[in-house]
Amino acid sequence: MGPQHSRHRDNETGEARTAAADRLTMFADAVIAIALTLLALELPVPTGDTTDAMLSSALAHGKEYLAFALSFTVIAAHWRAHHEIFRYVGSLSSRLTSLTLAWLFMQVLMPFATRVLTADGAFPPRFSFYALVQVLASATFALIIREIRREQLYRTDVTPPEFAQSLVRSICLAAVFGVSVPLSFVITGTGAYLCWLAAPIVLAAARRIQRRAVR
């Protein structure tokens, strides 16, 4: 009776931990969905009595539309990385919950940071603010992966390979955006954006090194 009761209690505890992890994942998905929905609600509607007037109005709001496209793409990329990792998470720790909330804060802040980036005014502060939000988002996600691995909060018996890949990707992105901050004060205008274009190259090099290390 005693051992059976203990096993039953352990099963209930395991189910409760899994349910808690699923609730956190659903909460994160809901926050991302709301953030993406609000992006569209804030888009200005073109006005005009003629086709030319409508097109002129749309072109006048080009920065707002660019900010929407950029925010949607970046937030979707962050969510995809989160989805790839949290499908393996089977239990939570208080630190993982706190890190996830911090990561969500960066996602909610992203649309505002994008509007700042595409607004008028001094370029280095606007560029740096957006880049710092990306640094904090990527660095927080790296800490999330580290916490899951350290506390073995995943469902499988071995660490999924996606964890190492996502960790390297997050670190590389944080490094690229971090380097772009001081460069924006030296190279203003479109030249500073070229630093971000180095991200795919850095990621490809990191993946190649990672594959060699596994071999």
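Helices α3 and α6 run roughly antiparallel to each other in this predicted model. The assignment follows from the crossing angle of roughly 150°, because angles over 145 degrees count as roughly antiparallel. The two axes come within 10 Å. α6 covers residues 161-184. The crossing of α3 with α6 is left-handed. On the α3 side, the contact involves A81, E84 and I85. On the α6 side, E162, F163, S166 and R169 take part. By class, the residues of this contact are three nonpolar, one polar and three charged.

Helix α3 also packs against helix α4. Here α3 spans residues 62-86 and α4 spans residues 94-118. Their axes lie 7 Å apart, at an angle of about 165°. That angle makes α3 roughly antiparallel to α4. The crossing of α3 and α4 is right-handed, whereas that of α3 and α6 is left-handed. From α3, the contact draws on K63, A67, L70, S71, V74, I75, H78, W79, H82 and F86. From α4, it draws on L96, T100, W103, Q107, M110, P111, T114, L117 and T118. These residues divide into eleven nonpolar, seven polar and one charged.

Burial along α3 can be set beside these contacts. The buried residues of α3 are A67, S71, V74, I75, H78, A81, H82, I85 and F86. Several of them face α4, including A67, S71, V74, I75, H78, H82 and F86, which belong to the α3–α4 contact. A81 and I85 belong to the contact with α6, and both are buried. An α-helix has 3.6 residues a turn, so residues three or four places apart point the same way.

The length of α3 is close to expectation. Its 25 residues reach 36 Å from the first C-alpha to the last. The span expected at 1.5 Å a residue is 36 Å.

α5 covers residues 123-151, and Q152 is found in the loop between α5 and α6. Just after α5, Q152 takes a positive phi of about 55°. Q152 is not a glycine.

Methods: Residues are numbered from 1 along each chain as its sequence is written. This is a predicted model: local features need pLDDT of at least 70, side-chain atom pairs count only at pLDDT 80 or more; totals for chains, interfaces and linings use all residues. Side-chain values use heavy atoms; hydrogens and water are left out. Axes are lines fitted to C-alpha atoms, for helices over the stretch in contact, and angles run from 0 to 180 degrees between N-to-C directions. Helices (H or I, at least four residues) and strands (E, at least two) are DSSP runs, numbered from the N terminus. Angles under 35 degrees count as roughly parallel, over 145 as roughly antiparallel, 65 to 115 as roughly perpendicular and the rest as oblique. A crossing is left-handed if the near helix is turned anticlockwise from the far one by less than a right angle, and right-handed if clockwise. Contact means heavy atoms within 4.5 Å. Ala, Val, Leu, Ile, Met, Phe, Trp, Tyr, Cys and Pro count as nonpolar, Asp, Glu, Lys and Arg as charged, and the others, Gly among them, as polar. The expected span of a helix is 1.5 Å times one less than its number of residues. Buried means under 20% relative accessible area, exposed over 50%, partly exposed in between (1.4 Å probe, protein chains only).
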